[in-house]
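Thanks, everyone. Let me put the model up, and then we will walk through it together.

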Amino acid sequence: MSRAMQELLEERGVVTAEQVRRRMEQFEQDFPYRGPRVIAHAWADNVFKQKLLRDGRSACAELGIELEADRLIAVENTPEVHNLIVCTLCSCYPRALLGMPPTWYKSENYRKRVVRAPRAVLREFGTLIPEHVTVRVHDSNADMRYVVVPMRPAGTEGWSEDELAGILTRDALVGVTVPKLRARR
């Protein structure tokens, strides 16, 4: 449907294919790094983290990030709870924070299975959550998006926000993986 809309807009002279291509390139360069930057800042600044958990949209606005949804709800992983994001109806996703959604996120298979068998889906991503940890699945919609605040890995004390952002991936901010500790740069 989006391709048909683009073709219609091009046919009517509203946009050119080149404009769309440039915008997509800019989107892919800028947006995927916003989410890791926000979460790294939350890890480094507890006051900001509390703002993010209370009102994600306004916390992001403090960093100059305007979101497309009315609400951004940040959910924090803890030793007792692991959060996972889905949009069961379509593919609502915080694009301004995480870039374009991956194909698997939009797939009917993921959208159905993650609600019924979240631990099985997590295992397919290589994420093993201990049985004593509660897995919570959050369903986005047109007005409300979610982002996961993963647990900060031990051993990252004293790391800069750039270093912290370097271990945060889109998949961790959706909850299908957890940040992996890498050697410092």
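Let me begin with a single side chain: is lysine 51 buried, partly exposed or exposed? Lysine 51 is partly exposed, because its relative accessible area is 30%. Buried would need under 20%, and exposed would need over 50%. Keep in mind that this is a predicted model.

Now the partner. Lysine 51 forms a salt bridge with glutamate 62, and the closest N and O atoms are 3.4 Å apart. Lysine 51 sits in helix 4, while glutamate 62 sits in helix 5, residues 56-62, so the bridge ties together parts that are 11 residues apart in sequence. Glutamate 62 is partly exposed too, at 48% relative accessible area.

Stay with helix 4 for a moment. Lysine 49 makes a salt bridge with glutamate 76, at 2.6 Å from N to O. This one links distant parts of the chain: helix 4 covers residues 46-54, glutamate 76 belongs to strand 1, residues 71-76, and the two partners are 27 residues apart. Lysine 49 is buried, with a relative accessible area of 16%. Glutamate 76 is partly exposed, at 28%.

One more bridge. Glutamate 108 and lysine 112 meet with 2.7 Å between N and O. Both are in helix 8, residues 108-116, and because they are four residues apart, about one helical turn separates them. Glutamate 108 has a relative accessible area of 47%, so it counts as partly exposed. Lysine 112, at 46%, is partly exposed as well. In total, the count is six salt bridges.

Let's zoom out. How many helices and strands does the protein chain have? It has 11 helices and four strands. The radius of gyration is 17 Å, close to the 16 Å that the globule rule gives for 185 residues, so the chain is as compact as a globular protein of that length. Along the principal axes, the C-alpha atoms fill a box of roughly 55 × 35 × 30 Å. Buried residues are 43% of the 185. Take the contacts with a separation of 6 or more: 65% of them come from residues 24 or more positions apart. The accessible surface is about 10300 Å², and carbon and sulfur atoms hold 52% of that.

Next, the aromatic rings. A pair of rings is described by the distance of the centres and the angle of the planes. The whole structure has five aromatic pairs. Take tryptophan 104 and tyrosine 105: the ring centres are 6.1 Å apart and the planes are at 70°, so this pair is edge-to-face. Tyrosine 105 also pairs with tyrosine 110. Here the centres are 5.7 Å apart and the planes are at 35°, so the pair is tilted.

Tyrosine 105 is buried, at 0%. Tyrosine 110 is buried as well, at 5%.

Last stop, the surface. Which residues make the nonpolar patch of about 330 Å²? They are Met5, Leu8, Leu9 and Val14. Methionine 5 belongs to helix 1, residues 2-11. With 48% relative accessibility, methionine 5 is partly exposed.

That's the tour. Over to you.

Conventions
Residues numbered from 1 in each chain as written. Predicted model: local features only at pLDDT ≥ 70, side-chain atom pairs only at ≥ 80, totals over all residues. Heavy atoms only, no water. Patch = residues over 30% accessible without salt bridge, like charges linked within 9 Å, V, L, I, M, F, W, Y side chains within 5 Å. Areas by Shrake-Rupley, 256 points an atom, 1.4 Å probe, with all protein chains shown as cover. Salt bridge = Lys/Arg side-chain N within 4 Å of Asp/Glu carboxyl O. Helix = DSSP H or I, 4+ residues; strand = E, 2+ residues; numbered from the N terminus. Buried < 20%, exposed > 50% of the residue type's maximum accessible area, 1.4 Å probe, protein only. Rg over C-alpha atoms; globule rule 2.2 N^0.38 Å. Contact = heavy atoms within 4.5 Å. Phe/Tyr/Trp six-rings, centres within 6.5 Å; stacked < 30°, edge-to-face > 60°.
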